[in-house]
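Hi there,

Here is the structure I promised to pass along. Please have a look at it first; my notes follow below.

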Amino acid sequence: MSPAVGSGGRRVRVLAPLGIAASLAALSRLEPSAAPPDPACLAYVGPGAGFAFLGSFLSLIAAFLVGAASLLAWPVRVLWRTLSGKKGWKHAKVRKVIFLGLDGYDPDLAERFMSEGKLPHLAGLRDRGAYDRLRTTYPPLSPVAWSTFATGVNPAKHSLYDFLNRSMRTYLPELSSSRVREPSRFIRFGKWRFPLGKASVDMRRKSRTFWSILGDEGIDSSILRVPITFPPEKFNGRLLSAMCTPDLLGTQGSFQQFTTSEAAGEFDEAGQRRPLTRNGEGLEGKIEGPPNPLLDGPQPITAPFRLQLDATGGRLRVNGSSYRLETGEYSPWVRLTFRAAPGVKVEGIARFLLTETEPEVSLYVTPINIDPEKPALPISHPSYYATYLAKLQGAYSTLGLAEDTWALNERVIDEKAFLDQAYSICEERETMLINALDKTKKGIVACVFDTSDRVQHMFYRYLEPDHPAHRRNPPGDREARYEGVIEDLYRRMDAIVGKTLEYVDEDTVFFVLSDHGFKSFQRGVNLNTWLLENGYLALRDDSSEAGPYLQGVDWSRTRAYTFGLTGIYLNQKNREAEGTVARGEAAHLKKEISEKLTGLRDEERGAVAIRKAWPKESVYQGPYMDVAPDIVIGYNPGYRSSWDAALGKVTAEVFQDNLKAWSGDHCVDPALVPGVIFCNRKLGRGNPGIEDLAPTTLGLFGRKPPPYMDGHDLFGMAQP
């Protein structure tokens, strides 16, 4: 293995530690253990959940010391950057490169809207410079594709294939992008415990980013919300983390709903319903924060609040402050304080939405974001960059998956509330981008907007009158005002392109790109059920169904299984803990299953659900092949891994209608969902791929790409 390929894994030491894509949020709360966890505890057992807030108290002291040291070292750093920068710029062909990432921006829709004159700025870029469809990754998932964008290598060299990995020891899922290592030793005084030593957060993505390579040469970068940048790496530049940055509970986004209509309970995914109790003329509830790390067991800290209603809304009182709530309108970001012990606290931020006031009262609380002014975990580099942005523009969302898709799936919020939230987050991102562009005379600015992905996930059904999701949603859900949401989304993104173009001159190369496109998601395929029916998977007691997280699987008789979104894993000897497939048998078994699944038909609809299945060796090459799914699945449009299969369940039927608001997706054959690439200059190569952007950027600054990179310089400008 080339040392450069493996050098990207990083461990960030923190004073205390902190679950996947919206479709797998509940899974990310799992810590690998010897046995499947109690489902009732999953809301509390996450990657480091419960340790985040102890770090917040101590990190204030550390942040002060780091800031003071940084200030004292400032003259030395300026001198060093000046000297190294002169060397780094010696062979540069440009002064500035700007990347505007529009996650999920689809070429079919973009080309249609351009032809109708609705995207003038992108059409102008196409006409003056270049436009093409951009090859994506296997699979076409955001964490996979954006990691390839950053590193210039295929997934087998950066090790990300999905939002989740499986633990080969326990078969339980774990977050693929980062790992928390908790303190192992504590001092105990009665009910209290105090950690000895530090916890750490490991970045699991391998290989080096192009901005890190260029930073070594004194070329500066501002990297804003590019997926899979948590924990933040240290390099010559600034970075604000994005996808897989947790909330204050250590999950990938857990909303809370307070209501008088239900006492308590969990939703299917990523949320909690909590009681709202009448007390005199007001209502009271308790916002649940992280578990108290000073106590044994998952004992969450709470922040009590009181709500007083009136004719148009109400007044919220929490942590000694008062906020006006108008029914159907979000509050500003509200700082929430959770106190574990005298002098030990953590602060997060959330927004509140009063969704109904009669006959019942319901209050939605967004996931509690890490407060960028006082981050309990490192979310930026330098550490004060997140705070600088908060002082500049006010509080903003820090959660990796910030748009609350599951609250809409569960009908806790409606379509309008989701759009209000999504575009508010988009405006926060735009403010960050413009600030970076204002301050960057030379170097790199890269900013990714997730809004284009999240809105298409939730509103694709409005492009299809016959989508199954319309059956589940209440009457009036398909009002005409939502049928133009996706067109409006594309126009809004085009407007951001227009604002960015104001910062583009003859010494600037400007790219607009997406990591993948979009298709409909009408039917789910449960491959565990197919594997059971075809003799590759077995259940204990010869059951026909099994619960989440592969519970009930008889590993002694199982040769293949699935969870997540990307493919099938073999139960291989000397790799999985209870493997049954010998290494010598693996190649034949992968070929056999791939051939059977290619062309798999959904007889109920008379359609082909799986376009192609590949043994992993035919699509990947690199040192991290063991992490990859052994068989990669390429679905046809309209199909995807079912929600149950993603959770590791075995159900009665292979095919299920998708009834959720999450009605569009891109987990299909990568050839069907390319992204887009626009540039203000002509490209010298055809058939561009997302792996080409890293070596192209190095070439623009006069650097020859490392030999392990899979991509090519689209301009051919690298030094020999």
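**What I found**

Asn574 sits in the loop between β30 (567-570) and α15 (583-597). Helices and strands here are DSSP runs numbered from the N terminus (H or I and at least four residues for helices, E and at least two for strands). Asn574 has a positive phi of about 60 degrees although it is not a glycine. With a relative accessible area of 82%, Asn574 is exposed; exposed means over 50%, buried under 20% and partly exposed in between, using a 1.4 Å probe and protein chains only.

Before I go on, a word on the basis: this is a predicted model, in which local features need pLDDT of at least 70 and side-chain atom pairs count only at pLDDT 80 or more, while totals for chains, interfaces and linings use all residues. Residues are numbered from 1 along each chain as its sequence is written, and side-chain values use heavy atoms, with hydrogens and water left out.

Cys244 is another non-glycine residue with positive phi, near 80 degrees. Cys244 lies in the loop between β11 and β12 (255-259), and at 3% relative accessibility it counts as buried.

Two cis peptide bonds are worth a look as well. One joins Tyr138 and Pro139, with omega about -5 degrees; Pro139 is in the loop between β3 (130-134) and α5 (142-151). The other runs from Phe230 to Pro231, with omega near 0 degrees, and Pro231 is in the loop between β10 (221-224) and β11 (237-240).

For the chain as a whole, there are 17 helices and 38 strands. Buried residues make up 62% of the 720 residues. The chain exposes about 26,300 Å², and carbon and sulfur atoms supply 51% of that area; the areas come from the Shrake-Rupley method with a 1.4 Å probe, and for residues only the protein chains shown count as cover.

Now to helix α13 (residues 485-501), which packs with helix α3 (residues 107-115) at an angle of about 80 degrees, the axes being 11 Å apart. Axes are lines fitted to C-alpha atoms, for helices over the stretch in contact, and angles run from 0 to 180 degrees between N-to-C directions. The two helices are therefore roughly perpendicular (65 to 115 degrees; under 35 is roughly parallel, over 145 roughly antiparallel and the rest oblique). Leu109, Ala110 and Phe113 in α3 meet Ile486, Glu487 and Tyr490 in α13, where contact means heavy atoms within 4.5 Å.

How do the axes of helix α10 (residues 415-439) and α13 cross, and within what distance do they come? They cross at roughly 10 degrees and come within 11 Å, which makes α10 roughly parallel to α13. The α10 residues that meet α13 include Leu419, Tyr423 and Cys426, and among their partners in α13 are Val485, Asp488 and Leu489. By class, this contact of α10 with α13 has ten nonpolar, one polar and four charged residues (Ala, Val, Leu, Ile, Met, Phe, Trp, Tyr, Cys and Pro count as nonpolar, Asp, Glu, Lys and Arg as charged, and the others, Gly among them, as polar).

Finally, Ala350 belongs to strand β21 (residues 344-350) and, at 0% relative accessibility, counts as buried. Its C-alpha atom is 7.3 Å from that of Leu336, 14 residues apart along the chain. Leaving aside neighbours within four places in sequence, Ala350 is in contact with residues including Trp333, Val334, Leu336 and Val365.

Best wishes
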